[in-house]
Amino acid sequence: MAERLVPGLERRLRAEIGGGVHFDRFSRGRYATDASHYQIMPLGVVTPRTIEEAERAIEICRVEGVPVTPRGGGSSQSGQTVNESIIIDCSKHLNSILDLDVAGRRARVQPGIVLDDLNRQLKAHGLWFPVDVSTASRATIGGMTANNSCGGRSLRYGNTRENVLSIDALLADGAKAHFGPVAPDLSDVPDNSPLRPLARDLFALGRREADEIAARFPKVQRRVGGYNIDALVPGRNDVNLAHILVGSEGTLAFSTAIEIKLAPLLGKRAVGACHFGSFHEAMAAAQHIVKLGPIAVELVDATMIGLARDIAMFRPTLEAFVRGQPQALLLVEFAEEPDENARRLQRLHELIGDLGFDWRNSGAKWGGVADVLDPKLQAAITDLRTAGLNIMMSMKDAGKPVSFVEDCAVPLEHLADYTARLTEVFERNGTHGTWYAHASVGCLHVRPILNLRLDKDVKAMRAIAEQAFAFVREYKGSHSGEHGDGIVRSEFHEFMFGKRLVHAFEEVKDRFDPNGLYNPGKIVRAPKFDDRTKFRYGPGYAAQPMTTQLDWSAYTGQGGGFQGAVEMCNNNGACRAAAGGVMCPSYRVTRNERDVTRGRANTLRLAITGQLGADAFTSDEMVETLKLCVSCKGCRRECPTGVDMARMKIEVQAARAERFGLSLHDRLVGYLPRYAPYAAKLPWLLNLRDMVPGAAKLSEAIAGFSARRSLPKWRADVFDDVTAASLPGLIRQSTPLRDRMDARIKSGHDDGEGDKRGDTSEVVLFADTFNRYFERENLDAALAVLNAAGYQVHLAKPRDGTSRPLCCGRTFLSIGKVDEARKEAERTLAALEPFVSRGVPVVGLEPSCLLSFRDEVPAMVKSDSAKQLADCAVTFEEFLAREAKAERLNLPLKRIADRVLVHGHCHQKAFDAFGAVQTVLDLVPGLTVEPVESSCCGMAGAFGYAAETIDVSKAMGELSLLPAVRNADAETLIVADGTSCRHQIHDGAGRDAIHVARVLAMALA
Ligand SMILES: Cc1cc2nc3c(=O)[nH]c(=O)nc-3n(C[C@H](O)[C@H](O)[C@H](O)COP(=O)(O)OP(=O)(O)OC[C@H]3O[C@@H](n4cnc5c(N)ncnc54)[C@H](O)[C@@H]3O)c2cc1C
Ligand code: SF4
Ligand code: SF4
């Protein structure tokens, strides 16, 4: 990336702007991409704390002659937010509601407010902003306005343009103006307003071009290309000057406040999931379905159904409503009064029948309607539908679905023809695409699979684009129907709108911004859309050879596939969500692009491809980038393309440990399982740290453990296999099979079925380091419960002749000592091999330790026993829930409390193991189980103990977990399975949380 330097600019910005000013290569690199395939290194980044700071920064840029690009969530798909300019990131601080008029159903907001955050605040008033873009969790109102974004329900609510009332803007000459409704003769605009001469000229342009606009502007609802000069045509009675700024992609002015129209929340809905045996038939049906007055008709095709079935999050949703093997689904949504919904749904059934579809048919005319009336399932289907693009992007190959013709909108009567012809074009160019999204408005998303590192695929991209746009012009559709022009579509304006209108667009730009201050090169005077020098994977893009420690073979590229894993991030920004799910807790606290999965993945990608200078992978800046990643694995599950940052962080830490060695802090954290047996012999000595005044401060200075956090208490009465073995029903390993059989017979549990169901009558209890040394009560409780339920419990012991307890290796992984972690894992595997080879379940209490047997251990050790262990490893609750489901669990339990508040460990959530926790607690009579809507508790192993991260740790806890615990009454049980989570709850809310095993032990009848 060639760079332009502007001497003095950074110094001036720093001196005059209090907010964040970033000119280092790592920070700029994180703003060099959006959700398009482009990459342009910006000159710098500013995250202003106030609108005044933003205005000041823009003024400095104006004086210095440097362009600026406003930015919201950076989720644009067409390259709108990348430029060789100063990026003004509005999302971090400029995100408040300024005024709310509930009765008048309108609000004035700052540009950086995220749609979901806004709607959460509006919900209490029964209102929402109804432009429901798929990226609602990170799209800002400023970004939506500038892109004229459109939601899935645009059939009813229109695009953003129809929902913006006015905009306060900073113009390129430094003047401020209020853009809103005006009288056509401007009689209501004050004489001294900067708007007056501007509006006069714009209206003159509108008058002059009225005929051309009438002739060349597509009549479809989904036209977001070019400037909205149709708003300037005389004769309209709704002249609103804000509409010229809507859709202008940050090229005309900087929006400082946006006034929007609100709508009442949707009531009960009815969804008809129309199944089709042929894609073409589905497309042909859309024009008839819209006549029934739905608010949305969304397409999901067979490829997407197939991909979604492979994603744990979406599989249950599909299973709940999809029948057979449809080639396409049209999800038809009605939102009227309940009776009317039912009537329309009935008419939908009749219509689909009249069109010749029947469940009993085969081939193209197979199909019918599945009713979805359960609001929870409807919401899950909406999640699936809005994740459409991301589901497609989960493909792990080097070729990826590329966004450039995904936005065409054609009149509905041509939809079937258009999709068929474009599919042929894909085939002629050696590729294929997956179709999804807004059938109701003729705007179907489709992304052909291309590898933009290859010249031939870049050529195919142009051929496909030219052909697609020719079809669209023929059908009088719009080539830019939702995602905006950016770099992708601006080049084609002349072909679509004609030379004369493109010239008019240029006049608009020049009238607003003659010197090209605002986001130049978008909408007008754009570069070629296939200019590879502006690509993320541009000419010369290559990762350097690298050695990695873990298995990345599911991906392609350097480092055994590590490169491909990093490149899975497509920048869509789902990790920027502020609520719901887990990902990404650190971003939720800091709101820094650096501290979100996307920022980390981009930094890694730039580092391994040499774009951040030598040794960037192991640099201090990389450490800073990953410092607040708590390895919660939220992204592993929730990132739609499966970016697994926790695992990637291990590679960086390993490379760093290799290059620089370990700090004392890291040694104390990582080697805990090795020194714990000795420490437990002198607990009083080690506990002095939290008893002797000044000792904690000293430990902070020497080893980096925060003096504001107590450390876990050492104790002498640790869980030891010998005394535990005296419990009835417990067998210590590694007793030969014969002995085990004898023991089973002696304890009266052998029903003759033992060998046939060896995996159910016997289990291994894996005693992890934390529970063994600090909280043996949990292991005792688990033993008591398993014993009461009649299981033969084994405690595996090392087979290398040593007495040191087994360990999963997790603490070593957390400091990058993969070799040591591997040694621990191999030692444990050797001990467990006699069990897992027979399929005996290995049950664990500490989620992160147990689940590493399913995740990191098989990624470190390639052996049959590692695979077998991955299959056998289950959390305590998963085991019991499975047994209960199979009706094999005989656990007599009594009532102990009315209510339990449960915090799920992040790794339980990442591995779908949290549901089992709730299932098992539900077994306790009379207990109401209430999960806390929480992300990571913030402790995350050593993270919450470290002096440099304790503040973020506490802030993470305060996001939702600690307030929920504080609000619980004293009788409510608090449950958390993670040892760190319990510590955080104790420190932050003054309550003792307990493990599920102890709840069950208390409830044993
Ligand atoms: C997976 C996926 C799904 C999507 N689904 C949809 C969809 O359903 N509907 C849809 O319409 N779009 C969709 N998009 C595109 C994109 O998410 C939307 O356009 C979104 O509204 C952009 O918001 P943002 O905050 O991310 O804006 P950004 O991408 O940050 O910026 C968008 C434009 O706004 C300008 N801008 C930002 N702030 C200001 C300001 N204060 N003043 C002036 N200009 C400003 C920027 O310069 C840029 O040109 C999707 C994208 C992805 C990746
Ligand atoms: S990390 Fe995942 S969720 Fe975040 S931007 Fe990248 S692909 Fe999207
Ligand atoms: S592991 Fe957790 S903290 Fe780290 S990037 Fe993923 S979601 Fe964020």
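Biologist: What makes the contact of aspartate 717 and arginine 715 a salt bridge?

Modeller: Their side chains meet at 2.8 Å, N to O. The term asks for a side-chain nitrogen of Lys or Arg within 4 Å of a carboxyl oxygen of Asp or Glu. The pair therefore qualifies. Mind the source: this is a predicted model, where local features need pLDDT of at least 70, side-chain atom pairs count only at pLDDT 80 or more, and totals for chains, interfaces and linings use all residues. Residues are numbered from 1 along each chain as its sequence is written, chains are lettered from A and ligands numbered from 1 in the order in which they are written, and side-chain values use heavy atoms, with hydrogens and water left out.

Biologist: Is arginine 715 buried or exposed, and why?

Modeller: Buried means under 20% relative accessible area, exposed over 50%, partly exposed in between (1.4 Å probe, protein chains only). Arginine 715 has 16%, so it is buried. Aspartate 717 has 42%, so it is partly exposed.

Biologist: What does the pair of arginine 709 and aspartate 987 form?

Modeller: A salt bridge, at 3.0 Å from N to O. Arginine 709 lies in the loop between α28 (695-703) and α29 (721-724), and aspartate 987 in helix α44 (residues 979-989), so the pair ties together parts 278 residues apart in sequence. Helices here are DSSP runs (H or I, at least four residues), numbered from the N terminus. Arginine 709 counts as buried because its relative accessibility is 1%. Aspartate 987, at 31%, is partly exposed.

Biologist: Which residue forms a salt bridge with arginine 511?

Modeller: Aspartate 201, with the closest N and O atoms 2.6 Å apart. Arginine 511 sits in helix α18 (residues 499-512) and aspartate 201 in helix α7 (residues 195-216), so this pair joins parts 310 residues apart in sequence. Arginine 511 is partly exposed at 31%. Aspartate 201 is partly exposed, also with 31%.

Biologist: How many salt bridges does the structure hold?

Modeller: The structure holds 81. Some form a network, which links Lys633, Arg636, Asp644, Arg647, Arg810, Asp855 and Glu856.

Biologist: Why does the radius of gyration agree with a compact globule?

Modeller: The rule is 2.2 Å times the number of residues to the power 0.38, and the radius is taken over C-alpha atoms. For 1005 residues a compact globule would come near 30 Å; the chain has 30 Å, so the two agree.

Biologist: How much of the chain counts as buried?

Modeller: Of the 1005 residues, 62%.

Definitions and conventions
Helices (H or I, at least four residues) and strands (E, at least two) are DSSP runs, numbered from the N terminus.
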